[in-house]
Amino acid sequence: IERTLILIKPDGVKRRLTGQIIARVEAKGYDVVELKQVHATRELLEAHYEEHVGKPFYEPLVEFMLSGPVVAVIAEGHNVITGFRSLAGTTDPTTAAPGTIRGDLGRDWGLKVQQNLVHGSDSVESATREIGIWFA
Ligand code: GTP
Ligand code: MG
């Protein structure tokens with residue numbers, strides 16, 4: 001059965017949206033098989049976001065992800081990778097569709113990096129890699 005890595009980013013944890021976000025994952029019918037709150041290290045985030053090294057938002061993104069605790073979740077179910085990306089909505093919370101996590105709960109706060117509440121792995125290869133990083 002497929003697994004994905006979900007992160008509730010520091011904005012989601014600070015705004016006390018962890019329960020609501022996990023409730024949406026469970027309501028969709030996916031199983032939460034691992035769950036922990038962690039304050040990430042820079043080393044961990046550099047591994048997680050290696051595909052974005054050199055992009056203009058990379059450093060602000062890492063700083064943002066270091067700004068508070070993150071909740072890391074492994075969710076399981078058939079097609080959960082695509083299914084959670086669909087639940088999360090598109091990257092920019094301003095235009096993410098209503099009904100999605102980002103569309104319903106996120107917005108533009110005028111900051112250097114898009115604060116969009118959640119991360120979800122984007123492929124089987126990414127999920128395997130990211131689960132290995134966060135749940136080593
Ligand atoms: P994740 O699930 O977090 O990986 O989001 P994503 O797959 O929808 O986006 P992507 O992997 O392309 O980017 C990772 C994160 O970098 C995003 O979730 C945003 O927080 C941030 N980001 C991506 N693109 C931009 C951008 O163009 N500008 C800014 N300011 N931030 C961005
Ligand atoms: Mg991504």
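Me: How do the residues of the shell around ligand 1 divide into nonpolar, polar and charged?

Reply: The general idea is a sorting by residue type: Ala, Val, Leu, Ile, Met, Phe, Trp, Tyr, Cys and Pro count as nonpolar, Asp, Glu, Lys and Arg as charged, and the others, Gly among them, as polar. In this shell, three are nonpolar, five polar and one charged. This is a predicted model, in which local features need pLDDT of at least 70 and side-chain atom pairs count only at pLDDT 80 or more, while totals for chains, interfaces and linings use all residues. Residues are numbered from 1 along each chain as its sequence is written, and chains are lettered from A and ligands numbered from 1 in the order in which they are written.

Me: Which residues surround ligand 1?

Reply: A residue is near a molecule if its C-beta atom, placed from the backbone, lies within 6 Å of it. Ligand 1 has Phe57, Leu61, Thr91, Val113, Gln114, Asn116, His119, Gly120 and Asp122 around it.

Me: Is histidine 119 buried or exposed?

Reply: Count the other C-beta atoms, placed from the backbone, within 10 Å of the residue's own: 20 or more means buried, 12 or fewer exposed, and in between partly exposed. Histidine 119 is buried, because 21 other C-beta atoms lie within 10 Å. UniProt, in an unreviewed entry, lists His119 under "active site"; such annotations may be inferred rather than shown by experiment, feature names are shortened, and positions are given in the numbering used here.

Me: Where does histidine 119 lie?

Reply: Helices (H or I, at least four residues) and strands (E, at least two) are DSSP runs, numbered from the N terminus. Histidine 119 belongs to strand E4, residues 118-120.

Me: Which residues of helix H5 are buried?

Reply: In H5 (residues 80-88), these are Val80, Ile81, Phe84, Leu87 and Ala88. They lie on the same side of H5, because they cover an arc of only 130° around the axis, the arc being that of the directions from the helix axis to the C-beta atoms. An α-helix has 3.6 residues a turn, so residues three or four places apart point the same way.

Me: Where is leucine 117, and what is its phi?

Reply: Leucine 117 is in the loop between H6 and E4. Its phi is near 70°, a positive value in a residue other than glycine. Leucine 117 is buried, with 25 other C-beta atoms within 10 Å.

Me: Is arginine 16 buried or exposed?

Reply: Arginine 16 is exposed, because 8 other C-beta atoms lie within 10 Å. Arginine 16 sits in the loop between H1 and H2, with a positive phi near 60°.
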